[in-house]
Amino acid sequence: MGSVEKYFELVDQNQQQFIETLREAVAIPSVSCDASRRGDVVRMGEWLQARWEAAGAVCKRVEPGKQDLHGVELDLPPVILGQYGNDPAKKTVLVYGHYDVQPALLEDGWDTDPFTLVETDDRLIGRGSTDDKGPVLGWLLCVETHKQAGIEMPVNLKFCWEGMEESGSEGLDAIIEAEADKWFKGTDVVCISDNYWLGTKKPCLTHGLRGVSYFHLQVEGPGADLHSGVFGGTVHEPMVDLVHLLAKLVDNSGRIQVPGIYDQVMPVSDAEERTYEGLEFSHTALASDLKRDIIIHAEERDTLKHRWRFPTLSIHGVEGAFYAPGDKTVIPARVRGKFSLRTVPNMEPEKVAQLVKRYLQDEFAKLGSKNKMTVIETHAGRWWYSSPNHPNFVAGSRATEKVYGVKPDLTREGGSIPVTLTFEENLGVNVLLLPMGAADDGAHSINEKIDKRNYIQGIKLLGAYLHEVAATDMTA
């Protein structure tokens, strides 16, 4: 029996033990956005460090600094860096994950206590089960199982666990930049397991993420709110101006109306067009998830293209307007609309901001309003794209076939994982996104779960991937 097969066999034997480990981690309510839970976040990081050190890893606890959370000064949770193995003859793989989770309360609509792992119908339900404690534990259990089986690890493994991913990864970029030629020196490739399959049956590898540019569009007029019965029809109303401008940003078919915004978009090649064939995706399933068929596009590949590789603009809300139950006849003095634009290769955030601001200024001028309009860019995160033909992806694909018996879908994501680009730019190595969970896991939602199959097979996948990296020429 080969090393990988022996590893698979032991993973199967240890299934219940692995579930109990996940239960122990889920029970720590490491909610990073809640000041009252900060101690629990730190406790989760310390739990991970202790478990890794017990397995034989060398760890380094890095304190990112302080945070002002709603007026309360807090220590940021530690970033746990570690290394298992230091053989110069072996390749070195760096893995990343996060040990913090989204808030969760039983009264939010959970069927069970969110911080008590419940196993039902082959689902493991609990906050953090799929995002991201299951995958983070997968790497730990992979190492522990190799050790238990007496199998030598095929690579040197470095890791980076953070406790602020759900709250903006505050402090992480600075640590990665500072440690790029220190702790992370010698890294050959990076692997991140913090996203999901396209569907529920077929695994995938992810090689692209969209960026996001976030804007606030503010219109201000009178010095205070006004009575609509007295001033309606006699003054330029900020809300009226704002609604006009927001309506000019995107049409009902989802096409962005800002001139020049599509000029930087990378054309669809014939090779890319072929990647949309045979994916586990259907409009029927999507409409079922949405609870209503409100899909814009007729062709499924067009839906995926607009989710993955074309820019989109979404309007999120209005600050300063009346929104409470009941009726209030007020003219708001100042309103602020919030919208974001998802960017794709080869769009430059600076150019995007320039185009958006110029367009809104031109449209506002057409209104002839005496109000004041301001466009504020609050965030500009870049897109990330990697070739699925890179040896790191080849290793991931071979590992997936070994575990699941099928070639993985090659996917991109509509959202953003900023740390992906941070690692790539600072370490100068390829990054692979290798998901464990499925599309219906409900990360961030009530009744978050990971299927038992995905969890156990995912642990096999992470181990198989490390063996494939060891056997693959990363310079090819």
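A residue is taken as buried when its relative accessible area is under 20%. By this criterion, in the predicted model described here, helix α1, which spans residues 3-13, contains the buried residues Val4, Tyr7, Phe8, Leu10 and Val11. These residues cover an arc of only 165° around the axis, and they therefore lie on the same side of α1. Such a pattern can be read against the geometry of the α-helix, which has 3.6 residues a turn, so that residues three or four places apart point the same way. The partners against which the buried residues of α1 pack are α2 (15-26), α4, α12 (391-404) and α14.

Two of these partners, α4 and α14, also meet one another. The axes of helix α4 (residues 133-149) and helix α14 (residues 452-471) come within 9 Å and cross at roughly 60°, and the crossing in which α4 passes α14 is right-handed. On the α4 side, the contact is made by Gly134, Pro135, Leu137, Gly138, Trp139, Leu141, Cys142 and His146, while α14 contributes Tyr455, Ile459, Leu462, Gly463, Tyr465, Leu466 and His467. Of the residues in this contact between α4 and α14, 10 are nonpolar and five are polar, whereas no charged residue takes part.

Between glycine 150 and arginine 292, the separation is 142 residues in sequence and 52 Å in space, taken from C-alpha to C-alpha.

A further element of the model is an open sheet of four strands, arranged in the order β13-β15-β11-β16 with antiparallel pairing. Strands β13 (312-319) and β16 (372-381) form the edges of this sheet, each of them pairing on one side only. On average, and with direction ignored, neighbouring strands of the sheet are turned by 20° against each other. Within the sheet, strand β11 (residues 211-220) runs antiparallel to β16 and is joined to it by nine bridges, and valine 219 stands opposite methionine 373 of β16. Helix α11 (residues 349-367) lies across β11, β15 (334-343) and β16, and it runs at about 165° to β16.

Definitions and conventions. Residues numbered from 1 in each chain as written. Predicted model: local features only at pLDDT ≥ 70, side-chain atom pairs only at ≥ 80, totals over all residues. Heavy atoms only, no water. Axes fitted to C-alpha atoms, helices over the stretch in contact; angles between N-to-C directions. Helix = DSSP H or I, 4+ residues; strand = E, 2+ residues; numbered from the N terminus. Left-handed = near helix turned anticlockwise from the far one by under 90°. Contact = heavy atoms within 4.5 Å. Nonpolar A, V, L, I, M, F, W, Y, C, P; charged D, E, K, R; others polar. Buried < 20%, exposed > 50% of the residue type's maximum accessible area, 1.4 Å probe, protein only. Arc of directions from axis to C-beta. Pairing = 2+ DSSP bridges.
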